[in-house]
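Please read this briefing alongside the sequence and the model. It begins with a term needed later and then goes through a few topics in turn.

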Amino acid sequence: MTEHYFSRTPSTPDRPRSLTVDLAGRSVEVTTSSGVFSPTRLDIGTQALLGELPAPAGGNLLDLGCGWGPLSLHAALEARDAGTDLTVWALDVNERALDLTRANAESLGLTGIRPVFAEDVPADLGFDMIWSNPPIRVGKDVLHGLLETWLPRLNPGGSAWLVVAKKLGADSLLTWMRDMLGEGWDVRREANSKGFRILVVERLG
């Protein structure tokens, strides 16, 4: 199992590298490093999700498992372009990932991104959107616990957008989320892209 899923402090030596990636309709330079998810490129799943995401409407957005920050950066760039008041809570278990997200936000002049561990998120905070390329390889028990914790914190009318590889159980996860959340929720497959499912969870109300 790769270390970045579980280690708060990676034992892998820190080896920063610069990447140029396409986010929010432009090419930007970011810094990644060893010991975090997908350090050498913008991974295919995240690319697929970025192609389907709606523009953030403001409020609070949770980037669940932020890595070095591509979803957070994309959201904050789009919000700045639109003049939208958005706070992005970039959550990860890996402090190196949070440091990279913080540094990338600063380099792009983005002030609305808050890199956090789970315990740093106010207990009474609800989210208008959740975006995630969730850590499928942690196993079902850990993944289900993660989603059981954070999906119910969507505000009424809020939505979560997730990308999951079809071969890694996207369809069974969709069924599980429907059963777990029950009435008052719309859980659906929104799109297919490059072997990935884009799953949407909407809290009705």
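A residue is called buried when its relative accessible area is under 20%, exposed when it is over 50%, and partly exposed in between, using a 1.4 Å probe and protein chains only. By this rule A24, which has a relative accessible area of 14%, is buried. The model is predicted, so local features need pLDDT of at least 70 and side-chain atom pairs count only at pLDDT 80 or more, while totals for chains, interfaces and linings use all residues. Residues are numbered from 1 along each chain as its sequence is written, and side-chain values use heavy atoms, with hydrogens and water left out.

**Backbone with positive phi**

- A24 lies in the loop between β1 and β2 (26-32), where strands (E, at least two residues) and helices (H or I, at least four) are DSSP runs numbered from the N terminus.
- Although A24 is not glycine, its phi is positive, near 50°.
- K194, in the loop between β8 (185-193) and β9 (196-203), likewise is a residue other than glycine with a positive phi, in this case near 55°.
- K194 counts as exposed, because its relative accessibility is 58%.

**Helix α2 and A75**

- Helix α2 (residues 70-82) has 13 residues and should span 18 Å at 1.5 Å a residue, which agrees with the 18 Å between its end C-alpha atoms; the expected span is 1.5 Å times one less than the number of residues.
- The buried residues of α2 include P70, L71, L73 and L77, and just after this helix G83 takes a positive phi of about 70°.
- A75, which is placed in α2, counts as buried at 0% relative accessibility.
- Setting aside residues up to four places away in sequence, A75 touches P56, L61, L86, V88 and W131, contact meaning heavy atoms within 4.5 Å.

**Helices α4 and α5**

- The axes of α4 (residues 140-150) and α5 (residues 170-181) come within 11 Å and cross at roughly 45°; axes are lines fitted to C-alpha atoms, for helices over the stretch in contact, and angles run from 0 to 180 degrees between N-to-C directions.
- The two helices α4 and α5 are therefore oblique to each other, a term for angles that are not under 35 degrees (roughly parallel), over 145 (roughly antiparallel) or 65 to 115 (roughly perpendicular).
- In α4, the residues L143, H144, L147 and E148 meet L173, W176, M177 and M180 in α5.

**The segment before β1**

- R15, in the segment before β1 (17-23), is in contact with T32, S33 and S34, leaving aside its neighbours within four places in sequence.
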